[in-house]
Amino acid sequence: DWPESKKLQVERSLVGFYVSGHPLEKWKVIIRQLTPGDIEWVKSEFVASKSRISSARSDYPICGVISSFREITTKKGSLMAFFELEDDRAKLECICFPEVYQACASVMKQSMQQCECVLVSGGFNLEEESPKLFVRSMDLLAEYQKKRIQSVVVALDLKQIDSHRLALLRAALVKYPGRCSTFIEYRGVLNGVEMNSRYALPKELSVNPSSEMMLELNALFGS
């Protein structure tokens, strides 16, 4: 069996769209934490700002996958790029000037070739007729997530806890070894007393907080 990213990349190259899923699906919870909205929202913000309905933000963080890419050489001999960022609802044209492109070219190509989700930040020029994001920074979302998270807290309702579920939790954590400390936080009412207690797990249960791990824990205990 191919990895999920490879399967999606082949589907996209063969039929022009994703069939078995979307690269952003596994990141939805994290994307909601990192961005104020999706591409449709960003485009509506451009229209509202251009119409003076609202003031333009200086920076828009947005997540997606790079679906098309064009590299050009400037008059000064530097490389810059134009690309389309897409999520599961819309696409957005983006522009990378030479200095930014030099810093993020490898990330951009990896996103397009391997269907990897990226976190892009940039701003709009309201003199443009249509929304174009002028990119200031770009990270693979998986790498950004690793740098951002120092610890993982698994919140458990006291009603959910039994020896079987705790065994499932341990089995899930050991599948994703890493450097992030892991904590269990017990929440709920015990013998009429409100509980909210946090306990550190042993070092051997430190984890790499990947999207796959988050999905598995959410499936076990809810989001």
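## Glu185 in strand S7

Glu185 is located in strand S7, which spans residues 177–190; helices (H or I, at least four residues) and strands (E, at least two) are DSSP runs numbered from the N terminus. The model is predicted, so local features need pLDDT of at least 70 and side-chain atom pairs count only at pLDDT 80 or more, while totals for chains, interfaces and linings use all residues. Residues are numbered from 1 along each chain as its sequence is written, and side-chain values use heavy atoms, with hydrogens and water left out.

Glu185 is buried, with a relative accessible area of 7%. Here buried means under 20% relative accessible area, exposed over 50%, and partly exposed in between, with a 1.4 Å probe and protein chains only. The Glu185 side chain makes polar contacts with the side chains of Arg187 (2.6 Å) and Arg198 (2.7 Å). A polar contact is a pair of N or O atoms within 3.5 Å; within protein, one must be able to donate a hydrogen and the other to accept it, and residues adjacent in sequence count only if both atoms are side-chain atoms.

With neighbours within four places in sequence left aside, Glu185 is in contact (heavy atoms within 4.5 Å) with residues including Val153, Leu156, Asn196 and Arg198.

## Nonpolar cores

The largest nonpolar core has 26 residues, and Phe83, Leu85, Cys96, Met108 and Met138 have the most contacts inside it. Such a core is a set of buried Ala, Val, Leu, Ile, Met, Phe, Trp, Tyr and Cys residues joined through side-chain atoms within 4.5 Å. Among the elements that each supply at least two residues of this core are helix H3 (39–50), strand S1 (60–73) and helix H4 (98–114). H4 gives the most, with six residues.

Met108 contacts Ile66, Phe69, Ala81, Phe83, Cys96, Tyr101 and Met138, leaving aside its neighbours within four places in sequence. A second, separate core of 16 residues includes Ile149, Ala172, Ile184 and Met213.

## Cysteines

The structure holds zero disulfides, a disulfide being a pair of cysteine sulfur atoms within 2.5 Å. The sulfur of Cys94 is 7.8 Å from the closest cysteine sulfur, in Cys96, and is therefore too far away for a bond. Cys94 is buried at a relative accessible area of 0%, and Cys115 is buried at 7%.

## Gly123 in strand S4

Gly123 belongs to strand S4 and counts as buried at 5% relative accessibility. Gly123 and Pro61 are 62 residues apart in sequence, with 9.0 Å between their C-alpha atoms. Not counting residues up to four places away in sequence, Gly123 touches Ser58, Tyr60, Lys132, Leu133, Phe134 and Arg136.
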